[in-house]
Amino acid sequence: MGEHEIKPVRVVVLGGGTAGWMSAAGIAALLPGLATVDLVESEDIGIVGVGEATLPHIRGYVERLGIDEAAFMKATHATYKLGIDFRDFGSIGTSYIHPFGSFGESVAGLGFHHYWLELARQGLAGPIGDYSLAVAAAQANRFTPPLHDSSLASTYGYAYQFDATLFGPFMRDHGVKLGVTRHEGLVTAVERDVENGNVTALLLSDGRRLDGDLFIDCSGFRSLLLGQELEEDWEDWSQWLPCDRAAVMPCSHKKGMPLKPYTTASAMPAGWRWEIPLQHRMGNGYVFSSRFLDEDAACAEIEANACGEPLADPRILRFRTGRRRRSWSHNVIGVGLSSGFLEPLESTSIYLAQMAITYLIELFPTDGGIDARDRDEFNRLVDMEYDRVRDFLILHYHATTRDDSEFWNHVRTMKVPDSLAAKMDLWRRTGRVEKYADGLFYDASWIAVYLGQGWVPETHDSRAAIPPPEQIKRALDRLREAITQQVLAMPDHRQFLESEAARLAEAA
Ligand SMILES: Cc1cc2nc3c(=O)[nH]c(=O)nc-3n(C[C@H](O)[C@H](O)[C@H](O)COP(=O)(O)OP(=O)(O)OC[C@H]3O[C@@H](n4cnc5c(N)ncnc54)[C@H](O)[C@@H]3O)c2cc1C
């Protein structure tokens with residue numbers, strides 16, 4: 001080996017679920033020559049197999065890995081997602097869409113929603129959703145990808161809703177093509193360096209061993225390396241997010257129903273229920289708190305509320321909400337469920353795995369030696385991501401007037417984290433959203449939930465009152481009309497999917 005030749009870091013990924021294959025394929029694609037990647041997974045254990053809705057960030061991952069979007073959509077029976085329709089959260093009978101897109105645009109540096117609040121105060125504005133192209137397109141069940149310019153057609157993003165049981169295998173094929181070596185087997189023991197405690201090898205039940213320099217723990221809720229072997233502490237967040245179970249039951253599509261380009265989240269007496277349209281079926285599940293509802297009752301509820309013909313019996317998934325105190329400890333990095341879990345209300349889990357992979361690639365120990373400062377920075381970034389998502393999720397429960405069940409009474413009256421209390425206070429007093437450059441979620445998301453759940457601030461920026469109200473109204477009316485015209489020009493969601501599939505078939 002020449003003097004300047006780099007010795008690739010031997011990366012071993014434990015687990016072949018969404019997190020495992022996203023990690024393995026990501027490292028293989030983005031660190032060519034700098035790492036070798038081995039992945040071990042066990043068919044006997046299988047994968048969690050849910051996780052159908054995503055955030056727009058996943059498109060960046062798909063693109064960076066050179067995956068053809070249409071081929072990916074076909075293989076995973078995916079649909080497009082423009083946001084989430086929240087029903088009955090603020091109070092029973094209300095609903096709003098949290099869109100992947102903006103509401104209007106800033107004028108003279110002042111956020112659109114301040115002008116909207118000024119006009120709404122005078123009874124002159126329509127619902128805030130009228131000024132979002134993503135909301136209007138979702139409501140009309142239409143979809144076309146946004147443009148990359150500065151026009152109205154560029155003011156939204158989109159994500160995917162896919163069959164989680166097909167996503168892993170798709171990523172596996174891609175990962176193997178990129179050079180990942182796959183091992184089928186059960187890891188039963190872990191070898192450690194007696195001096196520094198680093199993991200040195202995974203031992204399989206049939207006697208095989210996998211040596212490595214860096215181990216990515218993607219073993220799901222088991223958290224075999226980070227939790228069980230390294231005993232990394234668990235930070236429990238169930239006092240704020242009490243849901244700890246899901247009753248899951250896939251359904252057929254209801255005949256004659258349009259294919260919605262969005263997820264529906266309907267609040268229930270002890271949690272909420274998701275409906276996720278895929279090409280071939282509906283994803284369907286009731287996320288609930290076992291403190292307020294037992295498992296049999298949740299299964300009965302999900303059957304009673306089936307969004308189509310049931311395709312399987314309901315099954316219960318149990319989870320804990322929280323995260324490991326450190327996601328990177330020694331030479332082990334937890335990605336996915338092994339490092340933490342925040343319930344799927346805003347479809348953030350795959351995003352959190354993707355961000356962990358992104359940060360790991362940025363801080364990758366290319367010379368094999370781990371610098372504690374890089375590890376600390378990774379943990380800081382991952383913590384920041386979790387904290388921000390946590391606060392946003394809690395808001396959906398806390399900002400409610402519902403008093404119809406013990407569950408809603410609890411979440412409405414509980415003490416929230418100080419970081420969220422400060423954000424809510426800022427909004428309530430001034431109509432402003434706390435600014436940050438990294439992590440989820442940005443202004444439009446917070447505005448959607450605050451206003452959608454009936455939290456109108458006491459005041460807003462007084463600069464919004466400078467232009468005469470008729471002038472603001474004319475601008476808002478023009479925007480609403482432009483949105484209506486833009487939506488009318490979009491194809492129906494199902495038609496768009498069909499035309500993409502036909503294009504793919506022609507190209508093959
Ligand atoms: C109810 C529910 C709904 C969800 N909805 C969403 C959603 O809408 N959007 C979203 O982004 N996320 C969602 N998630 C989260 C999402 O499912 C996960 O983030 C994602 O699937 C990643 O899981 P994973 O790869 O970490 O774990 P798993 O899928 O559990 O994979 C674990 C892997 O480790 C392997 N393994 C474990 N132990 C061993 C061993 N001893 N030897 C060998 N192999 C082993 C298993 O075989 C498997 O391959 C949801 C989760 C739940 C519970």
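Modeller: Let us begin with a term: a residue is buried at under 20% relative accessible area, exposed at over 50% and partly exposed in between, using a 1.4 Å probe and protein chains only. Helices (H or I, at least four residues) and strands (E, at least two) are DSSP runs numbered from the N terminus. This is a predicted model, where local features need pLDDT of at least 70, side-chain atom pairs count only at pLDDT 80 or more, and totals for chains, interfaces and linings use all residues. Residues are numbered from 1 along each chain as its sequence is written, and side-chain values use heavy atoms, leaving out hydrogens and water.

Biologist: Which side chain makes a polar contact with S347?

Modeller: A polar contact is a pair of N or O atoms within 3.5 Å; within protein, one must be able to donate a hydrogen and the other to accept it, and residues adjacent in sequence count only if both atoms are side-chain atoms. S347 belongs to the loop between β21 (340–341) and α9 (349–362). At 2.9 Å, the side chain of S347 is joined to that of K81.

Biologist: Is S347 itself buried or exposed?

Modeller: Contact means heavy atoms within 4.5 Å, and beyond four places in sequence S347 touches A53, T54, L55, K81 and I84. The relative accessibility of S347 is 8%, so this residue is classed as buried.

Biologist: What is the relative accessible area of A159?

Modeller: A159 lies in strand β6 (residues 159–161). Apart from neighbours within four places in sequence, A159 has contacts that include T54, L55, Y80, K81 and F100. A159 is therefore listed as buried, with a relative accessible area of 0%.

Biologist: What is the phi of H77?

Modeller: Most residues other than glycine have a negative phi, and most peptide bonds are trans. H77 is in the loop between α3 (69–75) and β3 (79–81), and is partly exposed because its relative accessible area is 29%. S347 is not a glycine either, and has a positive phi of about 50°. For H77, the positive phi is about 55°.

Biologist: Which peptide bond is cis, with omega near -5°?

Modeller: One of its two residues, F441, is found in the loop between α12 (418–430) and α13 (443–452). The cis bond runs from L440 to F441.

Biologist: In β17, which residue is the bridge partner of V248?

Modeller: Two strands pair if DSSP finds at least two bridges between them. Strand β13 (residues 245–248) is covered on both faces, with R245 and A247 buried on one side and A246 and V248 on the other. Four antiparallel bridges link β13 to β16 (residues 282–288), and four also join β13 to β17 (residues 315–318), again antiparallel. While R245 stands opposite F288 in β16, the β17 partner of V248 is R315.
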